[in-house]
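Me: I'd like to go through this model with you piece by piece, beginning with a loop residue and then moving out to the sheets and the charged pairs. Here it is.

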Amino acid sequence: MAVCFPAISTSPSFLPSIVLVAMRKRRRLKSAVKLGFDDGDVTQYVTESRKHWDSFYERHQNKFFKDRHYLEKDWGHYFCDENDTLPSNGKVIFEAGCGTGNTIFPLAKKFPQLFVHACDFSHQAVTLVKSHTDFREDQMNVFVCNIAEDGLSDHITPASVDIVTLVFTLSAVSPEKMPIVLQNIGRVLKPNGYVLLRDYAIGDYAQAMLMNKNRVISENFYFRGDGTCSFYFSEDLLSELFVSAGFTVVDVNTYYREIENRAKNITMQRRWIRAVFRRP
């Protein structure tokens, strides 16, 4: 059962003990050995990210992630008219990093009058979206794009989008390219448009496991066993990123869910960050 809090401090005194142990172990390793990641190594690793995600989707198809129906509960009023009860008559959304459509298909079904732009830099992911039984060409514009490098104006009219959704997408981007992503999506947002974000938070159980396996690329940025990457955000860092890109903060909070693995007799504290930003 999920236990949610509106805000959780990420200061050391509030971090789970497993994360603190991993952080201490990381410091000892750093002082004892060279980790093997120089600037060239990091650049090559991030450059090959598309290959790793293509392999991921080729292997798992659309069966790895579940459809995100919880977004309707958290953000449903953003997709409705001002009375917050009726679906919008024509709002336009853009899902950056759509994967196999676990965000866009539930939203399109719940709010059928939305028009959806969506992209992913994995060709395999976009192919899976377009082959989905619920894909509709008259409601969806889905395309391949690396939002950390490619402009969106070839696919989306500037200042035409009401809402951008970033769901576990920004964490897959190299930290130095995150400002580019925010500038890119800012260009397609209308004035007073919103960015709705969910992503990984500092103190997550998975972060501790990656620390213990010495899979650190840079501070709070890690590589998994399958070659994909993941960044873990604090509320302050995430807010600073968006404010620096010209957005205003509407809401930022961290919440967690305890997951019990009875077979291994462990309780995992998963932490996520949830935020809303507005383009003035």
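Me: Is Asn220 buried or exposed?

Reply: In this predicted model, Asn220 is buried, its relative accessible area being 15%, which falls below the limit of 20% under which a residue counts as buried.

Me: And where does Asn220 sit?

Reply: Asn220 is placed in the loop between S6 and S7.

Me: Which residues is Asn220 in contact with, leaving aside its neighbours within four places in sequence?

Reply: With those neighbours set aside, Asn220 is in contact with Ile202, Gln207, Ser230, Phe231 and Tyr232.

Me: What sheet do S6 and S7 belong to?

Reply: They belong to an open sheet of three strands in the order S6-S7-S8, with antiparallel pairing. The edge strands, each pairing on one side only, are S6 (216-218) and S8 (229-231), and neighbouring strands of this sheet are turned by 30° against each other on average, direction ignored.

Me: How many bridges join S6 to S7?

Reply: Two bridges join S6 to S7, which covers residues 221-223, and Ser218 stands opposite Phe221 in S7.

Me: Switching to the other sheet, what is the strand order there?

Reply: That open sheet has seven strands in the order S3-S2-S1-S4-S5-S10-S9, and its pairing is mixed. At its edges are strand S3 (140-144) and strand S9 (248-261), each of which pairs on one side only, while neighbouring strands are turned by 15° against each other on average, direction ignored.

Me: In what sense do S2 and S3 pair?

Reply: Strand S2, residues 115-120, pairs with S3 in the parallel sense over five bridges, and Val116 has Met140 in S3 as its bridge partner.

Me: Which helix packs on the sheet there, touching S2 and S3?

Reply: Helix H6, residues 123-130, packs on the sheet and touches S2 and S3, and its direction makes about 160° with that of S3. Together, S2, H6 and S3 make a right-handed β-α-β unit.

Me: OK, charges now. How many salt bridges are there?

Reply: The count comes to six salt bridges. One of them pairs Asp74 with Arg274, where the closest N and O atoms are 3.3 Å apart. Since Asp74 lies in helix H4 (residues 70-75) and Arg274 in strand S10 (residues 266-278), the pair ties together parts that are 200 residues apart in sequence. Asp74 counts as partly exposed, at 23% relative accessibility, and Asp74, Arg198 and Arg274 are linked in a network of salt bridges.

Me: What about Lys190, which residue does it form a salt bridge with?

Reply: Lys190 forms a salt bridge with Asp162, with the closest N and O atoms 3.1 Å apart. Lys190 is in strand S5 (residues 189-200) and Asp162 in strand S4 (residues 161-167), so this pair ties together parts that are 28 residues apart in sequence. Lys190 counts as partly exposed at 31% relative accessibility, whereas Asp162 is buried at 17%.

Me: And Asp204 with Arg270, how far apart are their closest N and O atoms?

Reply: The closest N and O atoms of that salt bridge are 2.8 Å apart.

Me: Last topic: how many disulfides does a search of the whole structure find?

Reply: The search finds zero disulfides. As for individual cysteines, Cys80 is buried with a relative accessible area of 8%, and Cys229 also counts as buried, at 3% relative accessibility.

Technical notes:
Residues are numbered from 1 along each chain as its sequence is written. This is a predicted model: local features need pLDDT of at least 70, side-chain atom pairs count only at pLDDT 80 or more; totals for chains, interfaces and linings use all residues. Side-chain values use heavy atoms; hydrogens and water are left out. Two strands pair if DSSP finds at least two bridges between them. Helices (H or I, at least four residues) and strands (E, at least two) are DSSP runs, numbered from the N terminus. Axes are lines fitted to C-alpha atoms, for helices over the stretch in contact, and angles run from 0 to 180 degrees between N-to-C directions. Contact means heavy atoms within 4.5 Å. A disulfide is a pair of cysteine sulfur atoms within 2.5 Å. Buried means under 20% relative accessible area, exposed over 50%, partly exposed in between (1.4 Å probe, protein chains only). A crossover is right-handed if, with the strands pointing away from the viewer, the path from the first strand over the helix to the second runs clockwise. A salt bridge is a side-chain nitrogen of Lys or Arg within 4 Å of a carboxyl oxygen of Asp or Glu.
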